[in-house]
Amino acid sequence: MSAPYLAFDRVTKTFGDLAVVSPPFDLTIARHEFVVFLGPSGCGKSTLLRMIGGLETPSSGEIRLAGAPVGPPDRRRGMVFQSYSSFPWLTVGGNVLFGMRYRDDLSSGEKRERADRYLKLVGLADFASAYPNRVSGGMRQRIAIARTLAAGSDVLLMDEPFGALDAQRRESLQVELRLIQKTDAKTVVFVTHDVEEAVFLADRIIVFSQRPARIVSEIDVSAIFGMERPLALRDEERFFHARTELLRMVRHTAGVDP
C-alpha cells in the first residue's frame, strides 16, 4: 500500500460524558483507496466521517490529509449525508451546478457538461428543470450525490448515501461509484450498515466495535476480488461466502449471535 494519504493519529471524541471514539484511534487510508466503515448502529462511524469532513473536531489527537491537519470543510472533501440535502429554490440542474460554484478551473460550458454527465449517471437527466419539491425523497438524495460528484472533490465522504434508493437504482449507483472512483482517482470513505454493499464496494472494510468505536477487524476485499466489481460478482459463490462471513462477524460484534 502506498504512503498514508488520510491519517487518524490517536484520535478520541467525547460529547460531554459520552465517549464515542476511545481509546485513542489510529487508522491510515491510502490515496485513491475505497474504505468502508461497517459496525453496529451508533458505534461512532458517522462521527469519524464528520471529523474527516471538518464538521466535528477531535477531542484529542489529529486527523491529517496529505500531511496537513484537516480544518473546516473545503472543496477537497465532498460529503453526502443520509438525509436529503437539496436547495429548494434551485432546479435539479441548478443544484448540481451549485456544487461547482468555486471551480475557477472550469468554464460555464464545462460546468454544464459535468452537470449533465452526473445527472444522467444518477438517472435525473429528464428532471433537470424540475424543482426538488416536485421529485421524490430518493430522487432528492440522488441530486445530492450528483452535486458532490460534479464538484470534483479529492475525497468523497459518504454516509449511507444509497439508503433511500430502490434496490435497482442502488445497485446501479454502486457499480457507477466504483467506476467513478477508479476513473476520476477518488479517495472514498463510505459508511454503511449493509454488509452486501460493503463487500461489493470496498477495497478495504474496517469493522467497528460497539461504542466507543475501536477497530475489530480490517478486511482486504481487493485481495479477494481484485479491483473490478461487475454486478455479476454478486451471484458468485465467493461473494456469497465473503458476505456470510462478514455478516457473522458483525452480528458477533453487535452481540446478536444466534
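## Contact of H3 with H4

Arg 114, Tyr 118 and Leu 121 in H3 meet Ala 146, Leu 149, Ala 150 and Ala 151 in H4. The residues of this contact divide into six nonpolar, no polar and one charged. The model is predicted.

## Helix geometry

Two packed helices are described by the angle between their axes and the distance between the axes. Helix H3 covers residues 108-121, and helix H4 covers residues 137-151. Their axes come within 9 Å and cross at roughly 140°. That angle makes H3 oblique to H4, because only angles over 145 degrees count as roughly antiparallel. The crossing of H3 past H4 is right-handed.

## The sheet

Six strands form an open sheet. Their order is E6-E7-E8-E3-E9-E10, with mixed pairing. Strand E6 (77-80) and strand E10 (215-220) stand at the edges. Each has a single partner strand, so one side of each is left without a neighbour in the sheet. From one strand to the next, the twist averages 15°.

What is the sense of the pairing between E6 and E7? E6 and strand E7 (residues 155-159) pair in the parallel sense, over four bridges. Arg 77 stands opposite Val 155 in E7.

H4 packs on the sheet and touches E6 and E7. The direction of H4 makes about 175° with that of E6.

Note on methods: Residues are numbered from 1 along each chain as its sequence is written. This is a predicted model: local features need pLDDT of at least 70, side-chain atom pairs count only at pLDDT 80 or more; totals for chains, interfaces and linings use all residues. Side-chain values use heavy atoms; hydrogens and water are left out. Axes are lines fitted to C-alpha atoms, for helices over the stretch in contact, and angles run from 0 to 180 degrees between N-to-C directions. Helices (H or I, at least four residues) and strands (E, at least two) are DSSP runs, numbered from the N terminus. Angles under 35 degrees count as roughly parallel, over 145 as roughly antiparallel, 65 to 115 as roughly perpendicular and the rest as oblique. A crossing is left-handed if the near helix is turned anticlockwise from the far one by less than a right angle, and right-handed if clockwise. Contact means heavy atoms within 4.5 Å. Ala, Val, Leu, Ile, Met, Phe, Trp, Tyr, Cys and Pro count as nonpolar, Asp, Glu, Lys and Arg as charged, and the others, Gly among them, as polar. Two strands pair if DSSP finds at least two bridges between them.
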